[in-house]
Amino acid sequence: MVDISYQNDVVTALLYGEIDHHIAPKIRNAIDIKCETHRPKMLTLDFSGVTFMDSSGVGLVMGRYRCISLLGGRLEVIHIPENIRKVFSLSGLESLGVLK
Amino acid sequence: MNIINQMKLSFVSKSVNESFARASVAAFVLPLDPTVSELSDIRTAVSEAVTNCIVHAYPDKKGIITLTAKLTDQRKLIVTIRDKGKGIEDIDKAMEPLFTTSTDERAGLGFAVMQSFMDKVRVRSEISKGTAVTLEKYISSSDDQR
């Protein structure tokens, strides 16, 4: 699901497995608790271990973008597998410049 | 066009069943030897349709979702996901990208994903009676360019 770490003003969430409507709220809560505790300058979502994602993952990223922006930080999404980038491509998230 | 195989599943509208539904359809289509990309598209589209039933058709109580899948002799997969929930008031509006009636971080992309990842999407719905979403996708053969 997700492993979260904090170092040098950066919260890094290493996501793995499948992200759907069942799993997304659990990941969301874990990340939000960490961000509210540390108020980082950067939230990094690392998708390298994600094997499946539907549009629930898009909602998850959009929500974290709003959340970290309110805390004064920035978001980046890294290591996006090709089949998952296809879902993101429908979302308009590319225009925010957060997908690396 | 002849049906060469078919299956039917009924399950409760619990979110834990989203992975069960998409994995079942993926297993059903495997004998046609789909590409990794085709399989990923099918799993994603099925997940969206089943999630719509759970979030929108049965928002306040659990109900039954019925999924049927058929394979034709022309290598077409036809999946129908039915519910007996509240129905969709305005199907055209529901299918607009980024439109959602949900307040819980839904991206409003469910139908956009289905339409983009499958060859054909049909929606029939009646208020208080339910909704049926039919997804179709042609599975390429090893003779096709992959």
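Mentor: Let's take chain B, which has four helices and five strands (DSSP runs numbered from the N terminus, H or I of at least four residues for helices and E of at least two for strands). Along the sequence they come in the order β-α-α-β-β-α-α-β-β. Bear in mind that this is a predicted model: local features need pLDDT of at least 70 and side-chain atom pairs count only at pLDDT 80 or more, while totals for chains, interfaces and linings use all residues. Residues are numbered from 1 along each chain as its sequence is written, and chains are lettered from A and ligands numbered from 1 in the order in which they are written.

Chain B is as compact as a globular protein of its length, because its radius of gyration is 15 Å and the globule rule gives 15 Å for 146 residues (C-alpha atoms only; the rule is 2.2 Å times the number of residues to the power 0.38). Along the principal axes, its C-alpha atoms fill a box of roughly 45 × 30 × 25 Å. Some 38% of the 146 residues are buried, meaning 20 or more other C-beta atoms, placed from the backbone, lie within 10 Å of the residue's own. Of the contacts (C-beta atoms within 7 Å) with a separation of 6 or more, 68% join residues 24 or more positions apart.

Now the helix pairs. α1(B), residues 17-29, packs on α2(B) at about 145 degrees with the axes 9 Å apart; the axes are lines fitted to C-alpha atoms over the stretch in contact, and angles run from 0 to 180 degrees between N-to-C directions. On the α1(B) side the contact includes Ala21(B), Val25(B) and Val29(B), and on the α2(B) side Leu39(B), Ile42(B) and Val46(B) are among the partners. Its residues split into eight nonpolar, two polar and three charged (Ala, Val, Leu, Ile, Met, Phe, Trp, Tyr, Cys and Pro are nonpolar, Asp, Glu, Lys and Arg charged, the others, Gly among them, polar).

α2(B), residues 36-57, also meets α4(B), residues 110-117, with axes coming within 9 Å and crossing at roughly 150 degrees. From α2(B), the contact takes in residues including Asp41(B), Ala45(B), Glu48(B) and Asn52(B), and from α4(B) it uses Gly110(B), Val113(B), Met114(B) and Phe117(B). That set has five nonpolar, four polar and two charged residues.

α4(B) itself is mostly covered, with six of its eight residues buried: Gly110(B), Phe111(B), Ala112(B), Val113(B), Met114(B) and Phe117(B). Those six pack against α2, α3, β4 and β5 of chain B, plus α2 and α3 of chain A.

That brings in the neighbour. In total, 22 residues of chain B contact 18 residues of chain A. On the chain B side, α1, α2 and α4 each give two or more residues, and α2(B) gives the most, nine. By class, that side has eight nonpolar, nine polar and five charged residues.

Conventions:
Two residues are in contact if their C-beta atoms, placed from the backbone, lie within 7 Å. A residue is buried if 20 or more other C-beta atoms lie within 10 Å of its own, exposed if 12 or fewer, and partly exposed in between; C-beta atoms are placed from the backbone.
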